[in-house]
Amino acid sequence: AVTDEPYMRINFLIPNPTLHDWPLDQTEIAHRIAELTVGWSDRLYALLAETRGPAVATRLTQYYSEAFAEDYRVATLPSQACNDINCLERLTVENPIEVSLIASTNQPGLYELRIFKRSAGLTLSQIVPLLENIDFEVATEYTNHLGSFENPWAAIYELRVRPRDGAPLNLKHARKILLPNLKLVLTGKAE
């Protein structure tokens with residue numbers, strides 16, 4: 001995405017050292033330029049509209065495009081943002097934490113663990129030792145606050161983890177056993 005601003009001008013200079021005419025498909029070029037210039041919010045809306053319908057997609061896109069900080073929008077694909085929004089939308093007073101786990105697409109052996117917490121309140125110093133106690137190494141961690149930093153309504157804790165023994169995770173098993181138990185510990189319902 002280039003920007004979410006309503007107007008922009010882009011000039012393309014294409015070197016042609018041979019000075020011969022190139023066979024150009026103007027329709028294909030126009031299509032590729034259109035793909036490159038669609039903003040992050042527009043892509044988010046399109047993905048949400050597929051699953052939630054246009055009315056809900058409009059509401060969610062307007063809300064979350066402003067709720068997510070600029071660094072989140074730069075670092076997060078709209079497809080991942082859709083997954084994050086689905087988890088955030090499930091947060092309630094009775095269900096203050098959601099957890100997701102996926103295999104890293106660009107780093108074999110790493111997994112992306114996301115913890116969604118209503119009204120923040122967790123610290124990485126609470127989360128990291130817990131993960132280390134269940135034999136995970138934390139490679140990187142990052143926190144995204146939704147709302148103001150001083151008064152967030154929710155936070156997304158993004159952690160890239162790997163099993164300490166280096167063995168691949170059975171994601172189906174982890175989602176069925178590990179994540180629900182991790183959620184119980186993080187909500188204080190288990191130790």
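Throughout these legends, buried means under 20% relative accessible area, exposed means over 50%, and partly exposed is anything in between (1.4 Å probe, protein chains only). What you're looking at is a predicted model, so local features need pLDDT of at least 70, side-chain atom pairs count only at pLDDT 80 or more, and totals for chains, interfaces and linings use all residues. Residues are numbered from 1 along each chain as its sequence is written, and side-chain values use heavy atoms, with hydrogens and water left out.

View A. At 48% relative accessibility, Phe12 counts as partly exposed. Phe12 sits in the segment before α1 (26–37); helices here are DSSP runs of H or I with at least four residues, strands are E runs of at least two, and both are numbered from the N terminus. Together with Ile10, Ile14, Trp22, Leu24, Ile29 and Ile33, Phe12 makes a nonpolar patch of about 660 Å². To join a patch, a residue needs over 30% relative accessible area and no salt bridge; nonpolar side chains (Val, Leu, Ile, Met, Phe, Trp, Tyr) are linked within 5 Å, like charges within 9 Å. The areas are Shrake-Rupley values with a 1.4 Å probe, and for residues only the protein chains shown count as cover.

View B. The whole structure holds 7 aromatic pairs, meaning rings of Phe, Tyr and Trp (its six-membered ring) with centres within 6.5 Å; planes under 30 degrees apart are stacked, over 60 edge-to-face, and the rest tilted. One of them is Trp40 with Tyr72, edge-to-face at 6.4 Å centre to centre and 80° between the planes. Trp40 lies in α2 (residues 40–52) and Tyr72 in α4 (residues 70–75), so this pair ties together parts 32 residues apart in sequence. Trp40 is buried at 6%, and Tyr72 is buried at 2%. Then there's Tyr64 with Trp153: the ring centres are 6.4 Å apart and the planes at 55°, so that pair is tilted. It ties together parts 89 residues apart, because Tyr64 is in α3 (residues 54–67) and Trp153 in strand β4 (residues 152–163). Tyr64 is buried at 1%, while Trp153 is partly exposed at 28%. Ring pairs link Trp40, Tyr63, Tyr64, Phe68, Tyr72 and Trp153 into a cluster.

**View C. Arg73 in helix α4.** Arg73 belongs to α4 and is buried, with 18% relative accessible area. A polar atom of the Arg73 side chain lies 2.4 Å from the backbone oxygen of Phe68. The Arg73 side chain also meets Glu70 in a salt bridge, 2.5 Å from N to O; the term covers a side-chain nitrogen of Lys or Arg within 4 Å of a carboxyl oxygen of Asp or Glu. Arg73 and Glu70 are 3 residues apart in α4, so about one helical turn separates them.

**View D. Glu98 and its salt bridges.** The count comes to 8 salt bridges by this rule. Glu98 is buried at 9%, and takes part in a bridge to Arg90 at 3.5 Å. Arg90 itself is partly exposed at 42%. Glu98 also bridges Lys183 at 3.2 Å, N to O. That link joins distant parts of the chain, with Glu98 in β1 (residues 97–103) and Lys183 in α7 (residues 171–186), 85 residues apart. Lys183 is partly exposed at 23%. In another spot, bridges that share partners join Asp84, Arg114 and Glu158 into one network.

Technical notes. Polar contact = N/O pair within 3.5 Å; in protein donor to acceptor, adjacent residues only side chain to side chain.
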